[in-house]
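Please look over the sequence and the structure before reading on.

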Amino acid sequence: MTDQLKRAIHEAKTAKTTSNPTDKAGASSEEQNFDMSESTYKTTHTAVRKARRFAMQGLYEWLVTDRRFETTDKLGWKDNAPHDIAARTRATNAMHTVHIGYYHEMMRDIPEQIETLDALIEQHLDRKVEQLDTVEHAILLIGAYELQNRLEIPYKVVLDEAMKLNNHFGATDAHKLINAVLDKMAIDLRDLEVQADIKANRRSSQKAAAPAAQPQPQTTDETKAVTNADDTSETPTTTGKPRLSANKAIKRPRANKAQANISDYRASKKASAQGHNEAAATPTPESTAADVGLHDSNLVNSDEKSKD
């Protein structure tokens, strides 16, 4: 190894050890920055549904900790903020198939609007919000938030997704309460959409019932005869073939091997019988001679008898 190569290696080592520590900090900070734009994450319907599931679990955890301490005037016990729950959830779960943007939006906005959302929910309840099950409360918060703030989501989708959350996390009969509350809330918050959907359903039902309500025309014997005549008549086309119609199906003859064999057998038997009868009717030379002799003998015998 030459001295020039040794010198180059030594300079490289010293440059590496004496580098500025702020550069390392800057590089580490750049590596820790995450791009939170929605274009880098899944935004499909399944990804949004998974975001609702994680948001429901995060809201449940927040409701039983910080929210409960706040309502019971134990503010000093609050140590589980929604953003901490979201960070811990992302660190302990595989979130590559989840709509991260919508998940963080729900975990941020729903706790901030908790008073307004609880007031909307309590309008359609026969009890206090505090008497609700925590899972039902979290599901109703997500449904109320989407009905009020996410107008691009149809209200039927909001109700359906709430039912799916209840089937996955809630009690057996909790869907009755959730469906009733969100249905009434949709009439208040999405009145135009609900009325338009009702009109569309009424219009489609009327169209379906219209053909059944039309009276059938009375058919007499003459009209039946005319219709039968029209059905039997076939309008020829330019090719000479009968015209096909939806009302009358033309039956095309099909060859039947069994019937053909039976007809051939009958014809052969008939031909053989005719040939046998003809053969019996035509006399042979020997039979004719015998018949003639017999006839002559009869004549002779008759003459002799007459002479005697």
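For the classes used below, Ala, Val, Leu, Ile, Met, Phe, Trp, Tyr, Cys and Pro count as nonpolar, Asp, Glu, Lys and Arg as charged, and the others, Gly among them, as polar. The model is predicted, and the points that follow are grouped by topic.

**The largest pocket**
- The largest pocket holds about 300 Å³ of space, and of the 13 residues that line this pocket, the closest to its centre are Leu63, Arg67, Val129, Glu130 and His137.
- By class, the lining of the largest pocket is made up of six charged, four nonpolar and three polar residues.
- Helices α3 (45-71), α6 (114-122) and α7 (134-149) each give at least two residues to the lining of the largest pocket, with α3 supplying the largest share, five residues.

**Helix α9**
- The 16 residues of helix α9 (residues 174-189) should span 22 Å at 1.5 Å a residue, and this agrees with its end C-alpha atoms, which are 22 Å apart.
- The buried residues of α9 are Ala174, Leu177, Ile178, Val181, Leu182, Met185 and Ala186; seen down the axis of α9, its buried residues fall within an arc of 155°, so they line one face of the helix.

- Val181 lies in helix α9 and counts as buried because its relative accessibility is 1%, where buried means under 20%.
- Not counting residues up to four places away in sequence, Val181 touches Ile121, His124, Leu125 and Leu140.
- Val181 and Ile121 are 60 residues apart along the chain, and their C-alpha atoms are separated by 7.0 Å.

Notes. Residues numbered from 1 in each chain as written. Predicted model: local features only at pLDDT ≥ 70, side-chain atom pairs only at ≥ 80, totals over all residues. Heavy atoms only, no water. 1 Å grid on protein atoms, 1.4 Å probe; cavity = no way out; pocket = protein on both sides within 12 Å on 5 of 7 lines; lining within 4 Å. Points joined across faces, edges and corners; volume = space filled by probe spheres on them. Helix = DSSP H or I, 4+ residues; strand = E, 2+ residues; numbered from the N terminus. Expected span 1.5 Å × (residues − 1). Buried < 20%, exposed > 50% of the residue type's maximum accessible area, 1.4 Å probe, protein only. Arc of directions from axis to C-beta. Contact = heavy atoms within 4.5 Å.
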